[in-house]
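Welcome! Please take a moment to look over the sequence and the 3D view before reading on.

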Amino acid sequence: MDVINLRSDTQTLPTAEMLAAIQTADLGDDTYGEDPTVRRLEAMAAAMLGKEAAMLCISGNMANLACLMAHGGPGDEAVLDPDSHIFYYEVGGLASVAGMMPMPVQSRDGKLYPDDVRAAVRGRNLHYPIPRVLCLENTHNRSGGRVTPLDLHNALCDTAHDLGLTVHLDGARIFNAAIAAGVPASAFAEKADSLMFCLSKGLSCPLGSIALGSKEFIAKADRARKRLGGGMRQAGIIAACGIVALETMIERLADDHANARVLAEGINTVPGLSVDMDTVETNMVYVDHSATGLSTTEVLARMKAAGVLASGRPPRHFRLVTHRHYGADDVREAVERIRKALAQ
Ligand code: TLP
């Protein structure tokens, strides 16, 4: 078998059904609100998540940013985890584009807790920025795809609302969270004022993410998206894939979760590597390689030479993400390649 690419579920390619759907999609100018395929996808997503309105964006990053710009403006405070994707991986767009002030609240095992949020939100005072929005992330990427259970998620939303804040949920992998938690994704959307999810990760679309909220909220986010240069024309070619994804690609995410456990159990038999099995709740496996005595760069290079691609989380970890291109036998093969790579 060729290289086993477990760097991310973003590496997935569109399915044959998606490529066929692009060819027959009805198209129009989305900036005029006239692309029927985009409208259909947005209506489907809104119904599925139980929100009034939805908006297709190019990327998860853009959907998060457009939502934040609809929640607040320059000088307003966004309460968020410094290990969240918005804080850690979005090029500082929160500050540099939305102009918002981050108020960090550290997560534990990928979860925020209401008492920590309460302690971070200061009372109104002339000296302080106005706290506007609490950002949540489920599943939580940097903790290894961990899930915030629904009762904790709801308690966080209630706390934010009590304190006068709105809630934005970065649900890039909300369907992974929903499957792992055994609840419909709409349950996580219910108390969040806005959320976004990605079509381009485990759902296998080539691109696209969806922002959701009330009609009024999405109208504001639409202006923000346009300001970001994200207004689109015949975006039905993207939406056509999204429709196939929502119809056919959600339930199979459970296979990725099962394969992640097989992978993690295998990795735990490789000398020098360890995975805390409690962290493997969805499709990510964070591997501690510190007992090999090698740098993350060296470990990745050896694995690449042996035909396995992973993402570095230096100084002690690398990340493997399971997705539809690899089944249980393939992840077992990946373990054997990694074992050889590190035995040299
Ligand atoms: N995550 C990517 C990298 O950027 C790290 C990955 O490979 O996991 N929210 C979350 C929780 C994400 O994990 C990601 C992408 C995004 C937002 C941004 O989505 P895109 O890449 O579509 O802008």
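The report below walks through the domains, sheets, cores and a few backbone details of this predicted model.

## Two domains

Let us start with the overall division. The chain splits into domain 1, covering 13-248, and domain 2, covering 252-343. Their C-alpha centres are 28 Å apart.

The two domains meet through 21 residues of domain 1, which are in contact with 15 residues of domain 2. Together they bury about 1,500 Å², with 49% of that area on carbon and sulfur atoms. On the domain 1 side, Gly144, Arg146 and Asn176 stand out: they supply 30% of the area that domain 1 buries against domain 2, more than any other three residues.

## The seven-stranded sheet

Seven strands make up an open sheet with mixed pairing, and their order is β2-β8-β7-β6-β5-β3-β4. The edge positions belong to β2 (53-57) and β4 (101-104); each has a single partner strand, so one side of each has no neighbour in the sheet. From one strand to the next, the twist averages 20°.

Strand β3 (residues 77-80) pairs with β5 in the parallel sense through three bridges, and alanine 78 sits opposite valine 133 in β5. Strand β5 (residues 131-137) in turn pairs with β6 over five bridges, also in the parallel sense, and glutamate 137 has aspartate 170 of β6 as its bridge partner. Strand β6 (residues 166-170) is mostly covered, with four of its five residues buried. Helix α7 (residues 150-162) packs on this sheet and touches β5 and β6, its direction making about 145° with that of β6.

## The three-stranded sheet

A further open sheet holds three strands in the order β9-β12-β11, with antiparallel pairing. Here β9 (284-288) and β11 (311-313) are at the edges; each has a single partner strand, so one side of each is left without a neighbour in the sheet. The twist averages 30° from one strand to the next.

Strand β9 and strand β12 (residues 317-321) run antiparallel and are joined by five bridges. Within this pairing, valine 285 has leucine 320 of β12 as its bridge partner. Helix α12 (residues 253-267) packs on the sheet, where it touches β9 and β12, and its direction makes about 10° with that of β9. Another helix, α13 (residues 296-305), lies across β11 and β12 and runs at about 40° to β12.

## Nonpolar cores and a covered helix

Which residues have the most contacts inside the largest nonpolar core? They are Leu56, Phe175, Phe197 and Leu199, in a core of 56 residues. Helix α11 (residues 236-248) gives the most to this core, with eight residues.

After α8 comes glycine 182, which has a positive phi near 70°.

## Backbone details to look for

One runs from asparagine 138 to threonine 139, with omega near 0°, and threonine 139 is in the loop between β5 and α7. One more runs from proline 314 to proline 315, with omega near 10°; proline 315 is in the loop between β11 and β12.

Positive phi values also occur in residues other than glycine. Valine 91 has phi near 55° and is found in the loop between α4 (85-88) and α5 (93-96). Is valine 91 buried or exposed? Valine 91 is exposed, with a relative accessible area of 76%. Aspartate 109, with phi near 50°, is in the loop between β4 and α6 (114-120). With a relative accessible area of 49%, aspartate 109 is partly exposed.

Conventions. Residues numbered from 1 in each chain as written. Predicted model: local features only at pLDDT ≥ 70, side-chain atom pairs only at ≥ 80, totals over all residues. Heavy atoms only, no water. Pairing = 2+ DSSP bridges. Helix = DSSP H or I, 4+ residues; strand = E, 2+ residues; numbered from the N terminus. Axes fitted to C-alpha atoms, helices over the stretch in contact; angles between N-to-C directions. Contact = heavy atoms within 4.5 Å. Core = buried A, V, L, I, M, F, W, Y, C linked by side-chain atoms within 4.5 Å. Buried < 20%, exposed > 50% of the residue type's maximum accessible area, 1.4 Å probe, protein only. Domains from an automatic or database assignment. Buried area = accessible area lost by both parts, 1.4 Å probe.
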